[in-house]
Amino acid sequence: MVDFNFFEWIREGVKRSVLMGVSDAVEQMGAPHEPEAARDKIMAFLQSEAPAETSTTKRRVSSSASGQRKLGRSISEIHPTS
């Protein structure tokens, strides 16, 4: 019997698509003229963005007892009873 995992198949497809997209972008843009300068700029950008991103990120607190997030509206929210 063939063991088929739908979600693994989706993950692999997305992963392959992202890698192909990055490869196409690098191929289209070409190699940087000054690789050391490009690397330094990328590292400076990543280091300056990391602390600001973590401080402004807010987490939603779940109100359910099981700790799972609510994905949509309930029937009572859609059609409130009077």
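My entries below go from the whole chain down to single contacts.

**Ground rules**

I am working with a predicted model, in which local features need pLDDT of at least 70, side-chain atom pairs count only at pLDDT 80 or more, and totals for chains, interfaces and linings use all residues. I number residues from 1 along each chain as its sequence is written, and my side-chain values use heavy atoms, with hydrogens and water left out.

**The whole chain**

I looked up the helices and strands first, taking them as DSSP runs numbered from the N terminus (helices: H or I, at least four residues; strands: E, at least two). The protein chain has three helices and zero strands, and its pattern along the sequence reads α-α-α.

Next I asked what share of the 82 residues is buried. I call a residue buried under 20% relative accessible area, exposed over 50%, and partly exposed in between (1.4 Å probe, protein chains only). The share of buried residues came out at 0%.

I then noted the accessible area, which comes from the Shrake-Rupley method with a 1.4 Å probe; for residues, only the protein chains shown count as cover. The protein chain exposes about 8600 Å², and carbon and sulfur atoms supply 60% of that area.

**Helix α1 and its ends**

At the start of α1, I found a side-chain oxygen of asparagine 5 within 3.1 Å of the backbone nitrogen of phenylalanine 7. Just after α1, I noted that glycine 30 has a positive phi of about 90 degrees.

**Aromatic rings**

I looked for ring pairs next: rings of Phe, Tyr and Trp (its six-membered ring) pair if their centres lie within 6.5 Å, and planes under 30 degrees apart count as stacked, over 60 as edge-to-face and the rest as tilted. I counted three aromatic pairs in the structure. One of them is the tilted pair of phenylalanine 4 and tryptophan 9, at 6.3 Å centre to centre and 50 degrees between the planes. Phenylalanine 4 sits in the segment before α1, and both phenylalanine 4 and tryptophan 9 are exposed.

Phenylalanine 6 and phenylalanine 7 make an edge-to-face pair, with 5.5 Å between centres and 75 degrees between the planes. I read phenylalanine 6 as partly exposed at 43%, while phenylalanine 7 is exposed at 54% relative accessibility. Phe4, Phe6, Phe7 and Trp9 form one aromatic cluster.

I met these four again in a nonpolar surface patch of about 1100 Å², made by Val2, Phe4, Phe6, Phe7, Trp9, Ile10, Val14, Val18, Val22 and Val26. My patches use residues with over 30% relative accessible area and no salt bridge; like charges are joined within 9 Å, nonpolar side chains (Val, Leu, Ile, Met, Phe, Trp, Tyr) within 5 Å.

**Salt bridges**

How many salt bridges are there? My rule asks for a side-chain nitrogen of Lys or Arg within 4 Å of a carboxyl oxygen of Asp or Glu, and the count comes to three.

In helix α1 (residues 6–29), glutamate 8 and arginine 11 are three residues apart, so about one helical turn separates them. Their closest N and O atoms are 3.1 Å apart in a salt bridge, and glutamate 8 is partly exposed at 34%.

In helix α2 (residues 35–56), arginine 39 and glutamate 36 are also three residues apart, about one turn. They meet in a salt bridge at 2.9 Å, N to O. Arginine 39 also forms a salt bridge with aspartate 40, at 3.9 Å between the closest N and O atoms. Shared partners join Glu36, Arg39 and Asp40 into one network.

Terms used:
A polar contact is a pair of N or O atoms within 3.5 Å; within protein, one must be able to donate a hydrogen and the other to accept it, and residues adjacent in sequence count only if both atoms are side-chain atoms.
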